[in-house]
Amino acid sequence: MSVQEYLDKHMLSRKLEDAVNAAVRAKTSDPVLFISNHMKKAVQSVITRVKARQILDSRGIPTVEVDLHTNKGMFRASVPSGNSSGMYEAVELRDGDKAVYLGNGVAKAVKNINEKISEALIGMDPTLQSQIDQAMIDLDKTEKKGELGVNAILAVSIAACKAGASEKEVPLYKHIADLSGRTSPLLPVPAFTVISGGKHAGNNLAIQEIMILPVGASRFEEALRMGSETYHHLKAVITEKSGAHNCNVGEDGGFAPNVSSFREALDLVKEAISRTGYNEKIKIALDVAATNFCIGKRYDLDFQSPQKSGQNFKSAEDMIELYKELCSEYPIVSIEDPFDKEDWEHIKYISSLGICQVVGDDLLMSNAKRIERAITESACNALLLKVNQVGTVTEVIEVVKQAREAHWGVVMSHRCGETVDAFIADLSVGLAAGQIKAGAPCRGERLEKYNQLLRIEEELGDQAVYAGEDWRQ
């Protein structure tokens, strides 16, 4: 084949002429680079390979990382994991071999990506997120993604989303907004973990987290500063009251002082906020995670204590009175999982009081059917969204739409086992979640999310909008 025949067969003469004309119109100082990029854009992006590996999360437990290759680049994603999984959420695939990583290996999930998912997705357009996600759902064929593993499916779904954004030459959050039909990105109010307890720490505090929300900040950058300053003031408060040895941190970076009562912990946070001078600009949120200490129909507030007295059991009615008192004594605006995940009666009742936002985590498990029931029964008024409980980007978007239609708040959430992937930061902005819970303003895997939000705000410039006082919108 001659050169001319080759040019004619692939219509290269016309394409080169178009590229040269574009370079002339652009008055580019580097025509070779311009023409190269112009030609690259003219080629449709397709998935050429999906390669997975086993890495470790922030707890030193295996998780899945994926490199998704297109003919234009490589896009990486890794997935988080929680301390436990519920019966209503998508299923992680673990190897179960106790001799290797205590049974927590993910070699099976990795193999499923490399041998099954990769083959199914090769040749697909990465901008077609819903088609990619549906192809994996069809390949899995189970309701909770137990065949391939949600850890396998989600990692690929996120990587494909990043590839789609690159192909469209838009930021990831903008691509997500386009996929969801939203037009206005929103910087969320961060819920910084400052004190950890429950299953996230080794102290005697029953509740899992005390968080601060800088709702009075004007920008995300200011909110991050307020969170960091409060965190460091809290460290000083704890040190003064009980020594530096009580400044150890839990899995998500919150301090884990050896306190046993809600009020004792809240007083520490209140003092730290007071020292910053921000006062009215910072509110408090609780993640009670009450399922962890519910025994029968009573709540054991000493479940973390090695010297249990047996005298600190509370009924659901007692807990309601406690929450009412705490909300009147402290600037608490949000309570997550105030009762056992199956105690619909009392969750409905506390929601009806209107004393604060009531967030469903264990209650909902990001499950569309559980969310629908909660909406119908007015059981809570906010969704804690954990992407690995759902399984694909497309399904996450649908779950958020479901919550939005009910006029709920949406809290984008990390997991205790995190990676340095900052996807949920872009996701929160693109879906205009209004709130993000990504741990303390320390620890690299947590700060990746907050630092990415800083970058997004900087990129948006004058168009950046921080949720602030409208954090529940």
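Predicted model: local features only at pLDDT ≥ 70, side-chain atom pairs only at ≥ 80, totals over all residues.
Helices (H or I, at least four residues) and strands (E, at least two) are DSSP runs, numbered from the N terminus.

**The E1-E2-E3 sheet**

- Here 3 strands make an open, antiparallel sheet in the order E1-E2-E3; two strands count as paired if DSSP finds at least two bridges between them.
- Its edges are strand E1 (47–56) and strand E3 (73–78), each of which pairs on one side only.
- Direction ignored, neighbouring strands of this sheet are turned by 20° against each other on average. (Axes are lines fitted to C-alpha atoms, for helices over the stretch in contact, and angles run from 0 to 180 degrees between N-to-C directions.)
- E1 and E2 run antiparallel and are joined by 9 bridges; Ile47, for instance, has Thr70 in E2 as its bridge partner.
- Helix H4 (residues 107–121) packs on the sheet, touching E1 and E2, and its direction makes about 170° with that of E1.
- H6 also packs on this sheet, touching E1, E2 and E3, with its direction at about 35° to that of E2. (Contact means heavy atoms within 4.5 Å.)

**Asp67, a residue to look at in E2**

- Asp67 lies in strand E2 (residues 62–70).
- With a relative accessible area of 5%, Asp67 is buried. (Buried means under 20% relative accessible area, exposed over 50%, and partly exposed in between, using a 1.4 Å probe and protein chains only.)
- The Asp67 side chain makes a polar contact with the side chain of Arg76 (2.6 Å). (A polar contact is a pair of N or O atoms within 3.5 Å; within protein, one must be able to donate a hydrogen and the other to accept it, and residues adjacent in sequence count only if both atoms are side-chain atoms.)
- Not counting residues up to four places away in sequence, Asp67 touches Arg49, Val50, Lys51, Arg53, Met74, Phe75 and Arg76.

**The core and helix H6**

- The largest nonpolar core has 136 residues, and those with the most contacts inside it are Val66 and Ile210. (A nonpolar core is a set of buried Ala, Val, Leu, Ile, Met, Phe, Trp, Tyr and Cys residues joined through side-chain atoms within 4.5 Å.)
- Helix H6 (residues 150–168) gives this core its largest share, 11 residues.
- Leaving aside neighbours within four places in sequence, the contacts of Val66 include Ile113, Ala155, Val156 and Ala159.
- Because 16 of its 19 residues are buried, H6 is largely enclosed by the rest of the structure.
- Glu169 follows H6 and has a positive phi, near 55°.

**Helix H8**

- The 23 residues of helix H8 (residues 220–242) should span 33 Å at 1.5 Å a residue, in agreement with its end C-alpha atoms, which are 33 Å apart.
- Buried residues in H8 include Phe220, Leu224, Met226, Tyr231 and Ile238.
- The buried residues of H8 pack against strand E4 (189–196), strand E5 (209–213), helix H9 (262–276) and helix H16 (444–460).

**Strand E10 and its partners**

- Strand E10 (residues 332–336) is mostly covered, with 5 of its 5 residues buried.
- Strand E6 (residues 283–287) runs parallel to E10 and is joined to it by 4 bridges; Asp287 has Glu336 in E10 as its bridge partner.
- E10 is also joined by 3 bridges to strand E11 (residues 357–360), again in parallel; there, Ser334 has Gln357 as its bridge partner.

**Ala403 in helix H14**

- Ala403 lies in helix H14 (residues 393–405) and counts as buried, at 0% relative accessibility.
- Leaving aside neighbours within four places in sequence, Ala403 is in contact with Leu383, Trp408 and Val410.

How values were computed. Residues numbered from 1 in each chain as written. Heavy atoms only, no water. Expected span 1.5 Å × (residues − 1).
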